[in-house]
Amino acid sequence: MDIFLHQLNPVKADFPPVSEALEQPNGLLAFAGTLNTPTLLTAYQQGIFPWFNEGEPILWWSPDPRMIIRPESLHISRSMKKELRRHNYQITIDQNFSGVMHQCRVLREHAEGTWITNQMEAAYNQLHREGYAHSVEITDDGELVGGIYGLAMDRMFFGESMFSKKTNASKLAIIYLCRFLAEQGIKILDCQVPNPHLESLGAIRIPRHLFMKYLKRYCRSTESVANWN
């Protein structure tokens, strides 16, 4: 069976409705376009994100179901609560965005491969410089050992990737992130696709149409309600 994908205009982000995304591969919607800031912000507000390998055209996705975490409902196991009380890590926000993103890339390159290409690194570092992308860093004696990064718009945070070089470091990062998001009035943490690691923390799967309703309610502006300073 032939597969027809929408080709994006290189100048204008003319995304098709997410209802046109393919069932197989799940959520593939469009290709081409650019990774500049206006295009990326438009994509996320419409429930779409880029995901592609080196050497491929830019591919845009909107999977169904979608995985999310409600920050105030994060599940923390008894063992993890003990870890929170006794850890000696330093936890910071936006102190080393480029380092977090690069570690997410490097660790995946050494394992199953990564979608975090040079092009993606440049685009998201630019989003960080413009105040849209943010990170949580876990540092142990000066060494970056865990973290998570993503985009914040209005009352939503769109998680992109996380990494861990020491046991539970990435869990600490997402727990700290969720506590911060809840305090700041952010309602939804988008986790994109199902992941057992995130499910253990209370992430749930929802149908795409419900996720789109959340976007209309909680992502009306590109400016985050959170104080990231």
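With which residue does R105 form a salt bridge? In this predicted model, where local features need pLDDT of at least 70, side-chain atom pairs count only at pLDDT 80 or more and totals for chains, interfaces and linings use all residues, numbering runs from 1 along each chain as its sequence is written. Side-chain values rest on heavy atoms, with hydrogens and water left out.

The partner of R105 is E121, and the closest N and O atoms of the two are 2.7 Å apart. A salt bridge is defined here as a side-chain nitrogen of Lys or Arg within 4 Å of a carboxyl oxygen of Asp or Glu. Because R105 belongs to helix 3 (residues 97–109) and E121 to helix 4 (residues 118–129), the pair ties together parts that are 16 residues apart in sequence. Helices are DSSP runs of H or I with at least four residues, numbered from the N terminus. Both R105 and E121 are buried, where buried denotes under 20% relative accessible area, exposed over 50%, and partly exposed in between (1.4 Å probe, protein chains only).

The count of salt bridges comes to 6. Among them is the contact between the side chains of R86 and E83, at 3.3 Å from N to O. These two residues both lie in helix 2 (residues 78–86), 3 residues apart, about one turn of the helix. R86 counts as exposed at 56% relative accessibility, whereas E83 counts as buried at 13%. A further salt bridge joins the side chains of E199 and R205 at 3.1 Å, N to O; E199 is partly exposed, with a relative accessibility of 32%.

Aromatic pairs were also examined. Rings of Phe, Tyr and Trp (its six-membered ring) are paired if their centres lie within 6.5 Å, with planes under 30 degrees apart counted as stacked, over 60 as edge-to-face and the rest as tilted. The whole structure contains 8 such pairs. The ring centres of F180 and W228 are 4.8 Å apart and their planes stand at 50°, so this pair is tilted. Since F180 lies in helix 5 (residues 169–183) and W228 in the segment after helix 7 (208–218), the pair ties together parts that are 48 residues apart in sequence. F180 and W228 are both buried. Elsewhere, ring pairs link F97, Y124 and Y149 into a cluster.

Q45, in helix 1 (residues 37–45), is partly exposed, with a relative accessible area of 26%. Its C-alpha atom is separated by 6.6 Å from that of L215, 170 residues apart along the chain. Residues up to four places away in sequence aside, Q45 touches M153, L215, C219, R220, S221 and T222, contact meaning heavy atoms within 4.5 Å.
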